[in-house]
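I'm opening my notebook on a new model today. I'll jot down each thing as I look it up.

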Amino acid sequence: MKAIITILAVAALASVPLWLRDPYLLNALITTGIFVIGAMSLNLLLGFTGQLSLGHIAFFGIGAYVSALTSLGFDVGLPGDVRLVHAPWPPIAGFVLAIIVAGLCGYFVGLLSFRVRGAYFVIVTISFAEVVRLVALNWVELTQGPLALTNIPSIALPLPGVGELTLRTKLQNYYLVLVVALIAYLLIARLVHSHFGRSMRGLMENETLAVSVGIDVTRTLTIAAVISAAIAGAAGSLYAHYIRIIDPEVFAFINTVTMVIMVITGGKGSLAGPVVGGLIFGLLPVALRPVMAPEAQWIAYGGVLIAILFVLPRGIVPSLAQRFRRRRTGRTAPSPVALAETAAKEPA
Amino acid sequence: MTARSIAMTIDQVAVRFGGLVAISDMSFTVGEGEIVSLIGPNGAGKTTAFNVMTGFLTPSAGRVTYRNTALAGLKPHQIADLGLIRTFQRTSVFPNDTVHDNLLIGLHRQGRVRLIDAILGLPGARASERRLRQRAGELLEWVGLERRAHDAAGSLSYGEQRLVGVALALAAEPSMLLLDEPVSGMNASETHRFVELIRSIRDRGITILLVEHDMPMVMTVSDRIVVLNYGRIIAEGTPDVIRNDPAVIEAYLGHGAGHA
């Protein structure tokens with residue numbers, strides 16, 4: 001059943017460019033897809049380990065800048081009269097480096113904050129994003145600061161024997177984003193259903209007990225942070241090469257908030273949740289644009305968010321899945337999970 | 001009983017929380033394959049002692065060694081790797097997971113495969129998963145919860161949750177098991193079955209240290225009993241010795257318990 005829905009969903013998404021010719025809508029779908037990848041990576045932390053990264057856009061932005069700078073090249077002075085010169089590399093190398101560098105940043109942020117966790121992780125991630133934004137804004141020689149990095153080349157896929165395929169059109173970029181999103185989805189799904197995913201769930205549900213059966217908290221959370229950051233970095237790289245211009249605004253806090261909203265409305269801790277939430281909140285601006293000003297749109301998002309969480313408190317996907325299950329089994333009894341939640345709240 | 005080799009040594013352990021002395025100068029040993037009970041009134045320091053032995057708490061003084069390894073400075077998960085596994089009074093399950101998945105989480109130590117193998121679904125990782133699922137099934141059968149395998153652990157009765165907690169601990173392949181009030185919340189017949197379970201665990205060569213309030217149960221199952229009061233050991237010996245120890249009767253069992 002689940003497999004059928006997944007295949008149908010992928011087929012539907014793959015068929016979109018065949019019947020949707022409007023370049024504006026296709027563009028909206030591509031940027032939405034990129035943000036969906038970001039939301040999926042955030043969900044790996046927030047939904048499966050319970051750690052809220054409120055600076056998640058930092059990993060996305062780092063991926064974007066690393067990828068852009070790798071493919072544009074740079075020439076910067078370092079202290080001590082050293083000049084660091086880098087000749088342009090192919091964008092695909094930038095994509096790979098973006099993943100590696102963002103993953104390393106995730107490692108250090110995790111290492112710094114997971115010894116104490118909880119609120120500290122939230123604070124460290126917010127600070128990290130702000131520091132990175134200030135660096136991007138002020139290291140003008142490297143990043144052009146507010147003048148933005150422009151003329152970022154499109155991704156080119158090396159095809160053996162044929163040469164290179166430069167992905168310039170929206171159609172090509174749509175499929176590129178779709179493929180990367182599918183890979184990210186499968187990676188996260190495999191991870192969550194593996195031995196490692198069970199360790200993450202155990203830590204989230206009952207850390208003391210998880211530790212007592214031999215699960216290493218710091219290691220597990222750090223690995224989750226690395227993978228999450230690496231996927232966010234990949235999304236950032238796609239963004240840079242698709243939009244072809246990036247400035248420090250990419251690090252804006254509102255972008256992180258958007259991802260958090262996507263995850264929570266879609267359903268944190270559910271694989272499809274960020275995809276559903278991401279599509280809704282990615283495409284909502286398109287739907288609202290003709291009828292209201294951008295400022296009013298933010299208010300509308302707030303309204304939609306509250307409405308969704310009011311009707312479906314655990315997020316769209318988990319709540320609907322639960323209703324569907326209940327209808328099939330013809331039971332009106334609360335689900336085991338709901339029972340477990342009340343049981344957990346009772347003082348033992 | 002004197003011929004047993006020693007599994008765990010608690011040597012002059014003291015725990016102070018500020019001015020409060022939770023444990024003072026506690027020393028005793030647990031032999032390999034022995035069932036030892038730690039008893040005492042509420043607040044006597046039993047759970048504190050467990051927390052020290054499993055690395056959740058650093059003692060103010062003294063040392064704990066398990067099979068010749070000093071536990072000082074080890075984190076709880078590292079102590080678990082030595083085969084020293086505990087259960088908890090309250091937080092005994094992963095409530096939102098099924099009982100079967102609870103055990104799979106408990107089997108963590110048996111299922112370490114490389115992350116990349118798991119992600120790529122390589123044969124080694126798949127074989128390991130199959131092994132773990134089979135092992136989880138066996139453990140459920142052992143504690144008698146196979147009917148509940150696919151229910152959320154949080155929806156079980158407290159007595160059953162206790163059993164899941166023990167099965168989880170067994171999943172971690174302990175060489176020594178520390179049980180913190182395992183039969184609280186169980187009715188008489190569940191307790192009776194649990195005593196059988198403890199014996200069968202010991203018969204597999206697993207050393208057991210038990211903290212429990214249920215005196216008849218403690219007297220039936222223990223090889224040896226250590227009695228704590230106000231953080232201090234006031235008596236130690238076989239159930240018969242403890243039953244007739246004047247200091248224990250005075251402090252804990254109360255008059256008339258000698259005839260229990």
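**Entry 1: confidence**

Helices (H or I, at least four residues) and strands (E, at least two) are DSSP runs, numbered from the N terminus.

This is a predicted model, where local features need pLDDT of at least 70 and side-chain atom pairs count only at pLDDT 80 or more, while totals for chains, interfaces and linings use all residues. Residues are numbered from 1 along each chain as its sequence is written, and chains are lettered from A and ligands numbered from 1 in the order in which they are written.

Chain B averages a pLDDT of 89, and 95% of its residues score at least 70. Chain A averages 88, with 94% of the residues at 70 or above. Two residues are in contact if their C-beta atoms, placed from the backbone, lie within 7 Å. For the complex, the predictor gives an ipTM of 0.87 and a pTM of 0.87.

**Entry 2: chain B as a whole**

I looked up ten helices and ten strands in chain B. Its radius of gyration is 19 Å, close to the 18 Å that the globule rule gives for 260 residues, so chain B is as compact as a globular protein of that length. (The radius is taken over C-alpha atoms, and the rule is 2.2 Å times the number of residues to the power 0.38.) The C-alpha trace of chain B spans about 65 × 40 × 40 Å along its principal axes. Buried residues make up 45% of the 260 in chain B. Buried means 20 or more other C-beta atoms within 10 Å of a residue's own, exposed means 12 or fewer, and partly exposed is in between, with C-beta atoms placed from the backbone.

**Entry 3: the six-stranded sheet**

In which order do the six strands of the open sheet in chain B run? I read β6-β7-β8-β3-β9-β10 (chain B), with mixed pairing. Its edge strands are β6 (84-86) and β10 (232-237) of chain B, each pairing on one side only. Two strands pair if DSSP finds at least two bridges between them. The twist averages 15° from one strand to the next.

Strands β7 (residues 176-180) and β8 (residues 207-211) of chain B run parallel and are joined by five bridges. There, Leu178(B) stands opposite Leu209(B). Helix α7 (residues 188-203) of chain B lies across β3 (35-39), β7 and β8 of chain B, at about 150° to β8(B). Axes are lines fitted to C-alpha atoms, for helices over the stretch in contact, and angles run from 0 to 180 degrees between N-to-C directions.

**Entry 4: one residue up close**

I picked Leu38(B), which lies in strand β3 of chain B. Is Leu38(B) buried or exposed? Leu38(B) has 28 C-beta neighbours inside 10 Å, so it counts as buried. Leaving aside neighbours within four places in sequence, its contacts include Leu209(B), Leu210(B) and Val211(B).

**Entry 5: the other sheet of chain B**

Four strands form an open antiparallel sheet in the order β2-β1-β4-β5 (chain B). Its edge strands are β2 (20-31) and β5 (69-70) of chain B, each pairing on one side only. Eight bridges link β1 (residues 6-17) of chain B to β2(B), and the bridge partner of Ile10(B) is Phe28(B).

**Entry 6: over to chain A**

Strand β1 (residues 74-78) of chain A pairs antiparallel with β2(A) over five bridges. Of the five residues of β2 (residues 82-86) of chain A, the number buried is zero, so this strand lies largely in the open.

Last, the contact between the chains: 29 residues come from chain A and 33 residues from chain B. On the side of chain A that touches chain B, α8(A) gives the largest share, seven residues.

Technical notes: pLDDT is the predictor's confidence in each residue, from 0 to 100.
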